Amino acid sequence: MDKLTKEQRHRCMSAIKGRNTKPEILVRKFLFSRGFRYRLNHPHLPGHPDLVLRKYRTVIFVNGCFWHGHENCKYFRLPKTNIDFWSNKIKRNKERDKKEQCQLAAMGWHCITIWECQLKPKVRIQTLESLAYTLNHIFLEDRKIKTYELSDTDSTLVAAEPEVTYGRNKQQ
Ligand SMILES: [Zn+2]
C-alpha cells in the first residue's frame, strides 16, 4: 500500500508540481529574450495557466509528462505499485486539463501546451522556436480576422445564405 498519508501525498504533489519548475523557467527566459511579455499564473483564468500573453490572446501551460499523462511519451510511465490509484489520479488530471482548456477556448484564448519532454536539451531549441513562430502566427491571424470583420460584413451575409435556402427546401 501507499505509505504516504493523504496530507503527505498532497504536499508531495504540490512540491513536484510547484511553481517555478525548471521547464517553465526555460520557456519564460526564452520568451523574454525574444521580446514577448507575459503574466504568470493568472489567478482568474481556468486552470491557472503558467504564462498568459494578453497581446497574443494566448495562454501557455508547461506540463509535466507524468502528472498530466502525456500520451505516447516515454517519460509517462505508471509506477508499478498502486496502479489503480495512479491511473485514476492521472486520468482525473487529464480530464481537468481538457475541461479547463475548453473553458479557455470558449473565452477566446488560444491554449498552448508545452510538454516537459519537449524541453529536453536535444529538442529544446526546436520547441521554443516553433513556440515563437506559433505566437507570431496567432498575432497575425487575429489581426486579419479583425480587419475582415470590420470591412467585409456583406460577404459574411452572402456566405450564410445558401444554408438558409437548403433548410427551406428540405422542409417542402
Ligand atoms: Zn512527454
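Start by selecting helix 3 together with strand 3 and strand 4: helix 3 lies across both strands, and runs at about 170 degrees to strand 3. That angle is taken between N-to-C directions on a scale from 0 to 180 degrees, using axes fitted to C-alpha atoms, for helices over the stretch in contact, where contact means heavy atoms within 4.5 Å. Helices (H or I, at least four residues) and strands (E, at least two) are DSSP runs, numbered from the N terminus.

You are looking at a predicted model, in which local features need pLDDT of at least 70 and side-chain atom pairs count only at pLDDT 80 or more, while totals for chains, interfaces and linings use all residues. Residues are numbered from 1 along each chain as its sequence is written, and side-chain values use heavy atoms, with hydrogens and water left out.

**Along helix 3**

Now colour residues 83–106, the 24 residues of helix 3. From first C-alpha to last, helix 3 reaches 34 Å, close to the 34 Å expected at 1.5 Å a residue (the expected span is 1.5 Å times one less than the number of residues). Which residues of helix 3 are buried? Show Trp-86, Lys-89, Ile-90, Asn-93, Asp-97, Glu-100 and Leu-104. Buried means under 20% relative accessible area, exposed over 50%, and partly exposed in between (1.4 Å probe, protein chains only). Just after helix 3, click on Gly-108, which takes a positive phi of about 90 degrees.

Next, show the open sheet: 4 strands in the order 1-2-3-4, with mixed pairing. Its edge strands, pairing on one side only, are strand 1 (39–40) and strand 4 (110–115). Two strands pair if DSSP finds at least two bridges between them. Strand 3 (residues 58–63) and strand 4 run parallel, joined by 6 bridges. Zoom in on Val-59 to find Cys-111 of strand 4 opposite.

**Rings**

Select Phe-66, Trp-67, Phe-76, Phe-85 and Trp-86, a cluster linked by ring pairs. Rings of Phe, Tyr and Trp (its six-membered ring) pair if their centres lie within 6.5 Å; planes under 30 degrees apart count as stacked, over 60 as edge-to-face and the rest as tilted. Phe-66 and Trp-67 are edge-to-face, 5.2 Å centre to centre with 75 degrees between the planes. Phe-66 counts as buried at 19% relative accessibility, and Trp-67 is buried at 10%.

Finally, find Arg-57, whose charged end sits over the ring of Trp-109, 4.4 Å from its centre. This label needs CZ of Arg or NZ of Lys within 6 Å of the ring centre and within 35 degrees of the ring normal.
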